[in-house]
Amino acid sequence: MARPFRFGVNLLTPAPAAEWRATCRRAEELGYDVILVPDHLGMPAPFPALVAAAEATERPRVGTFVLNSGFWNPALLAREVATTDALTGGRLELGLGTGYVQAEHEAAGLPYGMPRERVDHLERTVTELERLLGSGDHVPRPAQSRVPVLIGANGDRMLRLTAAHADIAAFTGARPGKASGTLDPLDAEELDERVARYRALAADRAEPAELNLLIQSVAVTDDPEAALKPLLERRPETTVDQALALPIVLAGPLEDIVAKVRAQRERFGFSYLTVLEPFMEAFAPVMARLREESA
């Protein structure tokens, strides 16, 4: 039986307190289940932003999407996680990733390292968090007996780590691009292969993980070609039909988008979708229609 849908919005824009609270309340009003923040320089600091989001709202959970593990010492991160979970009343979901923007590490005076080294650090972080937060002796204590862990993954080793430790397996639907800090989208067949690889690695799990997909573009429109013009200009080798078929792109009439979301849950298992802040309003009618159909 398919999992029920969940929907999250990743808030990217720093804002004064009143504006931040208003944005979070609007996300709740629109029906989002999770209010998320990323972990990039120039964007909101994750944990204080989540505490403020939880104080401004009643229903949504809050989470990181995703922490750049290279920015964090595991022991200090455990303190942040436990405190944030306690202050949000047990509403925290912890998203973790390796980070992919070398310039941010350099600006922070932190080593970037090779991909293997970044995955090594993430693996140490995950296992140390499990040890510290799973201990009854850790102070402060989180409100939840286990803070749900989301890991963003694409490569084989990351998928293996996700299969072993994550409650939520997040797929970016993209791979690192040739230029540092860029991502190239996966087509449906490539994403199929990555999800199949994850499922094989996770075959022995007692409880299946929730599968998440980060949606990069949303436009409810009768003219999807116009909506996709910025993407097509960045990727001139991509046709309109190829862009519309990308799993991370939702563009077209409302009924077509709703049908695509349902088809992707059937094909890949994606029941938890995250959209970026610029598309928070555009995606709202899609959420509403999917919930009407499920009622």
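Leaving aside residues up to four places away in sequence, Phe270 touches Phe5, Phe171, Leu191, Val195, Leu211, Asn212, Leu213, Gln264 and Arg265, where contact means heavy atoms within 4.5 Å. The model is predicted: local features need pLDDT of at least 70 and side-chain atom pairs pLDDT 80 or more, while totals for chains, interfaces and linings use all residues. Numbering runs from 1 along each chain as its sequence is written, and side-chain values use heavy atoms, without hydrogens and water.

The largest nonpolar core has 89 residues, and Tyr32, Leu96, Phe171, Tyr198, Phe270 and Phe283 touch the most other members. Such a core is a set of buried Ala, Val, Leu, Ile, Met, Phe, Trp, Tyr and Cys residues joined through side-chain atoms within 4.5 Å. Buried means under 20% relative accessible area, exposed over 50%, and partly exposed in between (1.4 Å probe, protein chains only).

## Helix 6 against helix 7

Helix 6 (residues 156-165) packs on helix 7 (residues 188-201) at an angle of about 45°, with the axes 9 Å apart. Asp156, Leu159, Arg160, Thr162 and Ala163 of helix 6 meet Arg194, Arg197, Tyr198 and Leu201 of helix 7. By class, this contact has four nonpolar, one polar and four charged residues.

## Pro236

Pro236 lies in the loop between helix 9 (229-234) and helix 10 (240-245). Its relative accessibility is 66%, so Pro236 counts as exposed. From Leu110, Pro236 is 126 residues away in sequence and 35 Å away in space, C-alpha to C-alpha.

Terms used
Axes are lines fitted to C-alpha atoms, for helices over the stretch in contact, and angles run from 0 to 180 degrees between N-to-C directions. Helices (H or I, at least four residues) and strands (E, at least two) are DSSP runs, numbered from the N terminus. Ala, Val, Leu, Ile, Met, Phe, Trp, Tyr, Cys and Pro count as nonpolar, Asp, Glu, Lys and Arg as charged, and the others, Gly among them, as polar.
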